Structure formats: C-alpha cells, structure tokens
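Let us walk through this model, starting with confidence.

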Amino acid sequence: MTDVHKRDLPGAPSRPGAWDARPDQPPATEPSAEPAPRTAPRRGPADPVKALMHRHRELCAGAVDPLEIAAGLEAHGITDRTAARFRHKDVFSLAEEMYARTPRDNDTPQAATPSSTPRPPTLWILSTLLPGTTCAATLAALHLTHGQTRLLAAAAGALAVALSLRAALTRGPLSASRPQPAGTHLWTCSLLVYAALGDGLIEAAASGGPQALPTTAQDAPWPLTTASVLTITLACAPAAWLAHHFATRARRRLTASRGLEDFAASVRPLLLSTFGLFLTAMAALLTLAAAALDEPAPYPQTLTLAALLFLARLLAVHGFAYAPAVILTATATAQTAALASLFTARLPHCAFLATPVETLTDTWGPGTVPTLICGTAALALLIHATRKLTRASAHAETATR
C-alpha cells in the first residue's frame, strides 16, 4: 500500500513513520524549541575562603591550632561580622576551616601550646625572688654601715638590685614577647629611684633644702623611703605568678570560646580579678616591710606605683609595649618636673612655678605628688589593658599583634 493510500485510511496517523512505532509505546512528544537554561545563584567569588587563605598563607602554615589563626585574623581586623561574608558565623569557625584546609607535611598532629602546658617554674621562681633578696640585703647593709662604707654598700646594692630586676624581667612570665622601646628600663628605674628619694627630697626642697645626703633615719632632713622599694622588689614573685595565672586561664577560655565577644566578656573579669589580687598582695607586703623596717607604710604612693608597673609589664608580656613605654616616660617626666619646679622657683620672679606642688604638699603631704601622677597613669593603663588584653590576638603566641 502506498503512502498516499495510507494517509487516506480512517484513523491513519498524520506523521510519517508513525506506523513503524510499537503499539505499547506512547507517541513521542514534540521537543521544546529551546531548553531551559541552568542558572546557579550568584555567590560572589567561587571560593572566598581560599582567597583569604592565600592572603594569610604564612599565618595558616605556621599555626599549630585554629586558635592562632583566629587570633591572627582578629589582629588583622577581621571580626565576627566580617566572617559572615565568608559564610561563617564567627571568626573561630572561619579559622577552623582555614586550619583544616591548610596542607601540612605528613599530616602532623596538633602540638600542645606552651600556654596550655606550663613550663617548669623553678628557674623563673628563683629569678623573681632575686630582686627582693638583694634589696633586703642592701637595706641591711645600709643600717649596719656608716660613712664611706655606707656609700659603697649603697652603690653595690643598687647595682645588684638593678641586675636582679633585669633577670626577673627577662625570664618566665614577666618576660616581654617583643623588644622594648628604647628608654623603657631607664624610666622604670627612675620611678624606683623617686620612690626611695622623692618624698624626702620634696619635703626638704619645700623647706629650703636639702642640706644633707639622704639617710635611713626617719627624723633626718632627707629620709629614705625604703619600705616602698623593698615592697616593689618583693612583689616580683607574686607579679610573675599572677601573670602566669592570667595567661594560662585566658588561653583556656580562648579554647572554650566560640566568638570574640564571648571571649572578651569572659577575660575581662579575669583581668580585673588578677589586678585586684596583685594590689592585695602589695598591701600585705607593704605592711610587713614597714613593720620590719620600722617605717610608716606609704600605702597610696606605693600601691599606685606598683599598679602602674604591673599593668605596664602585663601589657608588654602580651606584645603591647608601646603604650606602657609612653605612659612610663610621661610619668617619670611629670615627677621630675614636679621636683624641678621647687628648685626653679628659687630663681627671681619664678616663685609661682612651685605653687601647685607646694599646695599639694602642704595640704596632703609630699606623697600626694607621686600618688596623683602614678594613679592617673595606672588608671589610663588599666583602661587600655581592658581593651587590649581581652582580644584573642593577645593570647596567641605566634600571632601578629
């Protein structure tokens, strides 16, 4: 039968070749004119985390755990809000992905960080006990000697105390993580010298002196304030222990935290309690030192100076040395200027220069000057410390600060 006849039959299919189809198969459907295009949602860069890893490849390669990457990212200005652009809820989650994706040789397991595994404390405990021991020995020599022998003992003792302080500040928990700015140690020593000589010199200068060299006798024209210096040198031991305690506890809280704000909220009371414990230890040591030396205990000026030095050292330990250096320099300069104003006022037409210092001294005593200066400086450092030491980057030893 021809094709023409087939088309004329009733029920004949209208398409050529339809007779060849099997009866049990449905007729083929017409293909659509244009296939629907496959569109993927726009997500910005294909792998934004990979681009971030490339920018911080040295940080990722050198990190021993995700915490160091989180601290380093925070130090570079990446916050939890920034992490949301990389499809992570916080910096810690982002750091975990970056750490997991960083290739490492032989899949080296994570090493325990030094801050979570405390070092044997024998060496630094001995080094922090040296300043108080040498200072006590020097004061004993001053009480037992006279004349030129006393001057030699004072010079040798001052050198021994300075060297022992340097040893205590370069080992253990009180050692700075970065080189200190030039002049930091010099200004710190000048504050200690003022603690021993300043109050007596102000009182002597206000009355037209000094007319004699300083002595340990409290009724002398220029008395030494030895209880303050002995207390501060003895405080190296509790300061080292508290700095070690703060660093260890902060590191543990960094491990348990899941966000930068959570970590800051947990470390802030730890910092304030550490500072309060140090002041309590200082007050107890000052009471004992004053009783042993038979001197009045100068609580205000000693506690404010100790607070200033402790906060400055705690910031330097965690890599923030610039602000403490500036504050120490300004404090020592202000104290020197207060002393200089009393002597400059003796020049013609310059009596007005001594009015502020004389007013404070006549109203509240010579200890008011260092108390006011050191107290203001310590308050400024405390505010600075609550901002810096509550950051994750302050507690990662290899992170860039």
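The protein chain has a mean pLDDT of 79, and 81% of its residues reach 70 or more. Here pLDDT is the predictor's confidence in each residue, from 0 to 100. This is a predicted model: local features need pLDDT of at least 70, side-chain atom pairs count only at pLDDT 80 or more, and totals for chains, interfaces and linings use all residues. Residues are numbered from 1 along each chain as its sequence is written, and side-chain values use heavy atoms, without hydrogens or water.

Residues 1–44 stay under 50 in pLDDT. The model has ten contacts (heavy atoms within 4.5 Å) for them beyond four places in sequence. Residues 106–117 also stay under 50, with 15 such contacts. Where pLDDT is low, the predicted coordinates should not be read in detail.

The largest nonpolar core has 79 residues. Such a core is a set of buried Ala, Val, Leu, Ile, Met, Phe, Trp, Tyr and Cys residues joined through side-chain atoms within 4.5 Å; buried means under 20% relative accessible area, with a 1.4 Å probe and protein chains only. I69, L94, M98, F278, L308 and L389 have the most contacts inside this core. Helix α12 (residues 260–293) gives the most to it, twelve residues; helices are DSSP runs (H or I, at least four residues), numbered from the N terminus. Leaving out residues up to four places away in sequence, M98 touches V49, L52, M53, C60, I69 and L73. Another core lies apart, with 13 residues, among them A338, L339, A354 and V357.

Technical notes. Buried means under 20% relative accessible area, exposed over 50%, partly exposed in between (1.4 Å probe, protein chains only). Helices (H or I, at least four residues) and strands (E, at least two) are DSSP runs, numbered from the N terminus.
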